[in-house]
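Okay, thanks for coming, everyone.

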Amino acid sequence: MVIVLRFVDVQGFLREHFFHIVHVKDTTALTLKKEISDILSRYNLNIHNMQGQRYDGASNMRGAWNGLQALFLNDCPYAYYIHCFAHRLQLALVVAAETESSIWLFFSKLTSIVTLVDASPKRHTELQSAQAIEIEHMLDTSERETGIGANQIGTLHRSGTTHWSSNFDSICNLIDMFTATIKVLEMMFEKGSFNSIHGEAKGALLAIKTFEFIFILHLMHRIMGITNLLCRALQHKSLDIINAMDLVSTTKALLHTLREEGFDPLMMHVKSICTQYDIDMPDMSARYKTDTGRTCQQKDVLTVEPHYHIDIFNAVIDFQLAELNDRFNEGVVELLVLSSALEPKDDFKSFNVDYICTLAEKFYPDDFTNQERHYLRLQLEHYKLDVPRQQKFQNMTTISELCRGLVETKKSESYHLIEKLIRLVATLPVTTTTAERAFSAMKHVKTDLPNKMKDDFLADSMIMYIERDLVQDIDSYSIIDDFYSVKHRRVQLR
């Protein structure tokens, strides 16, 4: 378990540094909380001073009642838990969708098909040739329009766990190259030189030419098309919180609309594709049977259409909405919107005295007394006429820059309550980048040769590796001299 500290130093610089790593055999929330508390207390850091916390998406950490974040909130209720904005939201939504077993099977088949078709340069060339013929045919029949940048010949995109948009790209590319993919698989089945190729190609053809595969392919295309804009917006380094929260609302609204009104248009589209490729359509009024051949054991027998409508279509969208509501609940959205009133970008366009006062009163009540909240409003009235007009604060875009500017110009002495609130907001953790870099660094530090190093030695080695900017001025010879002098003193004591 990697521990990273995010803080604002005395000069107003926002810092985020690797702090420690600890091996935990028991990953229950109570054990993790104890380990974190023990390490922090070892360095005289009080957990009651925490202003924010951030973990990965595991249920033992993010659970609203018994998760790690909930346990810390019991001790320090203002250690706000904010899901990382830029951390693979689309992959998290895919994982949420895969809770439904049919979706998991779909992505498994999709990966196998893409890998098989794109496994060699020969197949890659055949795929592009088939796509070129298909595009030429569609242009002749006016099914496609010509234009600059249109009708480009691409390739299938493999989905992966390290690229947030790879699943959506993979789905889009397969839809665009569906006919070409089928043709390549048919050529592999007919002309393959090995029995294994025959078998793999036949299995891929049986998978891709089914109603369920096409239904889920286009369902996920529509769902991920709705969420894609939000995912892209949250990748920007200079995050516009107001616009991001607006996109959260519109994404939820569009998913609700798709759930209520999108099933029938989707079914009509899928049926047209099945007709085009001569794919058998299931009898929607027939009783639904599981893959084991057993009829669903329900009091009211489930038919095929409700299975696709309720068990897959509605269920997957509900999983998406639940994931978004979990990551962007009303409290978090309000906190971020109010915090954006402090941002200096666009010449302090978002500045709002009432929002800032509400932020201090509602989310940081223990950090400001009633009298300080009164003085805060008075400081804000002077601040809005003073700071935005100063040349030093022109063209600033982030709260961390604003905090640093207040310290450098000594405006923090006049507006100490505002600066205090800015520091509190700046420490809100919205990224796991440092933690991910730490785990990547561990692969270089904890190699096969020194794979038995203890936790403390591993942590020290990782600090030297990750935070190399902090130690680059340390002279190695001075360290050797220090160790030598320690040894010499021990000899004298004897």
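Let me start with Asp347, which counts as exposed because its relative accessibility is 54%, and the cut-off for exposed is over 50%. Keep in mind that this is a predicted model. If you want to find it on the screen, look in helix 15, residues 345-348.

There's another residue like that, Asn395. Here phi is near 65°, again a positive value in a residue other than glycine.

Okay, let's zoom out for a second. The chain has 24 helices and four strands. Of its 494 residues, 44% count as buried. The accessible surface is about 27500 Å², and carbon and sulfur atoms account for 52% of that. Now take the contacts between residues at least 6 apart in sequence: 68% of those join residues at least 24 apart.

Two packed helices are described by the angle between their axes and the distance between the axes.

First up, helix 1, residues 29-42, against helix 3, residues 68-75. Their axes are 9 Å apart, at an angle of about 55°. The two helices are therefore oblique to each other, and the crossing is right-handed. Which residues make the contact? From helix 1 you've got Ala29, Leu30, Leu32, Lys33, Ile36 and Ser37, and from helix 3 it's Leu68, Leu71, Phe72 and Asp75. Sort the residues of that contact by class and you get seven nonpolar, one polar and two charged.

The other pair is helix 5, residues 101-117, with helix 8, residues 178-191. Their axes come within 11 Å and cross at roughly 65°. That makes helix 5 roughly perpendicular to helix 8, since roughly perpendicular runs from 65 to 115 degrees. Helix 5 passes helix 8 in a left-handed crossing. On the helix 5 side, the residues are Ile113, Leu116 and Val117, and they meet Thr181, Val184, Leu185 and Met188 of helix 8. This contact has six nonpolar residues, one polar and no charged ones.

Notes
Residues are numbered from 1 along each chain as its sequence is written. This is a predicted model: local features need pLDDT of at least 70, side-chain atom pairs count only at pLDDT 80 or more; totals for chains, interfaces and linings use all residues. Side-chain values use heavy atoms; hydrogens and water are left out. Buried means under 20% relative accessible area, exposed over 50%, partly exposed in between (1.4 Å probe, protein chains only). Contact means heavy atoms within 4.5 Å. Accessible areas come from the Shrake-Rupley method with a 1.4 Å probe; for residues, only the protein chains shown count as cover. Axes are lines fitted to C-alpha atoms, for helices over the stretch in contact, and angles run from 0 to 180 degrees between N-to-C directions. Angles under 35 degrees count as roughly parallel, over 145 as roughly antiparallel, 65 to 115 as roughly perpendicular and the rest as oblique. A crossing is left-handed if the near helix is turned anticlockwise from the far one by less than a right angle, and right-handed if clockwise. Ala, Val, Leu, Ile, Met, Phe, Trp, Tyr, Cys and Pro count as nonpolar, Asp, Glu, Lys and Arg as charged, and the others, Gly among them, as polar.
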